[in-house]
Every structure is written in C-alpha cells, then in structure tokens.
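I opened the model today to look up a few local features. These are my notes, in the order I made them.

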Amino acid sequence: MRHPGPYDFGASDLFERVYHRGRELFLDDRFRNTPVPGALFLHRKFMGTFMLCRQLRARVDIGRMLADHL
C-alpha cells in the first residue's frame, strides 16, 4: 500500500521473502498458539488475492485505490 504508483505483482518477490521468513519463525517455535479465526480468515483472503494478482501479472495502484479509506 505504500508503494508509489502501480505495484507489479508479476515481478514481485514478496511471496518468497514472506515464505522464508515465516518458515524461520515457525522452526524457531516463536508462534506456538494458533491465531484467532478472524486473523486466519483475513490472511487467507489477502494471500488469495495476492496470488491471483501475481498469476495475472497485474499492475495495481493499491495506494490510490485505498486512499479514501486509510
């Protein structure tokens, strides 16, 4: 949301960075409790949308889309 202009989902390596960092945290036993259902629901929605945009190689100006709401 902070990226100036359209975000290029197709060229993004965000998924790989988050995946490797999350794996490190999981193996470090820092998160032993299951997150609340609401957090899991939002995570699934955000990741599903991100992966769809990535597959479509979308370029979206998210900051401008959400400016009125933030």
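**Basis.** I am working with a predicted model, in which local features need pLDDT of at least 70, side-chain atom pairs count only at pLDDT 80 or more, and totals for chains, interfaces and linings use all residues. Residues are numbered from 1 along each chain as its sequence is written, and side-chain values use heavy atoms, with hydrogens and water left out.

**Helix H2.** I took helices (H or I, at least four residues) and strands (E, at least two) as DSSP runs, numbered from the N terminus. H2 has 20 residues and reaches 29 Å from its first C-alpha to its last, close to the 28 Å expected at 1.5 Å a residue. The expected span is 1.5 Å times one less than the number of residues in the helix.

I looked up Met51, which sits in helix H2 (residues 37-56). For accessibility I used relative accessible area: buried is under 20%, exposed over 50%, and partly exposed in between (1.4 Å probe, protein chains only). Met51 comes out as partly exposed at 33%.

**After the helix.** What follows H2? The next residue is Arg57, with a positive phi near 55°. Most residues other than glycine have a negative phi. Arg57 belongs to the loop between H2 and strand S2 (59-60), and it is exposed, with a relative accessible area of 56%.

**Largest pocket.** I searched on a 1 Å grid over the protein atoms alone; a pocket is an open set of points with protein on both sides within 12 Å along at least five of seven lines, the probe being 1.4 Å, and a lining residue has an atom within 4 Å of a point. Volume is the space filled by probe spheres set on the points, which are joined across faces, edges and corners. The largest pocket has a volume of about 1000 Å³. Its lining has 30 residues, and the closest to the centre are Leu14, His43, Phe46, Met47 and Phe50.

Which helix gives the largest share of the lining? I found that H2 does, with nine residues. Helix H1 (14-27), H2 and helix H3 (62-66) each supply at least two. By class, the lining has 21 nonpolar, seven polar and two charged residues. Here Ala, Val, Leu, Ile, Met, Phe, Trp, Tyr, Cys and Pro are nonpolar, Asp, Glu, Lys and Arg are charged, and the others, Gly among them, are polar.

**Aromatic pairs.** I paired rings of Phe, Tyr and Trp (its six-membered ring) if their centres lie within 6.5 Å, with planes under 30 degrees apart called stacked, over 60 edge-to-face and the rest tilted. The count comes to three pairs. One of them is Tyr7 with Phe9, edge-to-face at 4.9 Å centre to centre and 80° between the planes. Phe9 also pairs with Phe50, edge-to-face at 5.4 Å and 65°. This second pair links distant parts of the chain, 41 residues apart: Phe9 is in the loop between strand S1 (7-8) and H1, and Phe50 is in helix H2. I checked burial for both: Phe9 is buried at 6% relative accessible area, and Phe50 is buried at 10%. Tyr7, Phe9 and Phe50 form one aromatic cluster.

**Salt bridges.** How many salt bridges does the whole structure hold? My search found four, each a side-chain nitrogen of Lys or Arg within 4 Å of a carboxyl oxygen of Asp or Glu. I wrote down some of them.

- Asp8 and Arg59 have their closest N and O atoms 3.7 Å apart. Asp8 lies in strand S1 and Arg59 in strand S2, so this bridge ties together parts that are 51 residues apart in sequence. Asp8 is partly exposed at 26%, whereas Arg59 is exposed at 54%.
- Glu16 and Arg54 meet at 2.6 Å, N to O. The pair links helix H1, where Glu16 sits, with helix H2, where Arg54 sits, 38 residues apart. Glu16 is partly exposed at 31%, and Arg54 is partly exposed at 21%.
- Arg21 and Glu24 have their closest N and O atoms 3.1 Å apart. Both are in helix H1, and being three residues apart they are separated by about one helical turn. Arg21 is partly exposed at 42%, and Glu24 is partly exposed at 49%.
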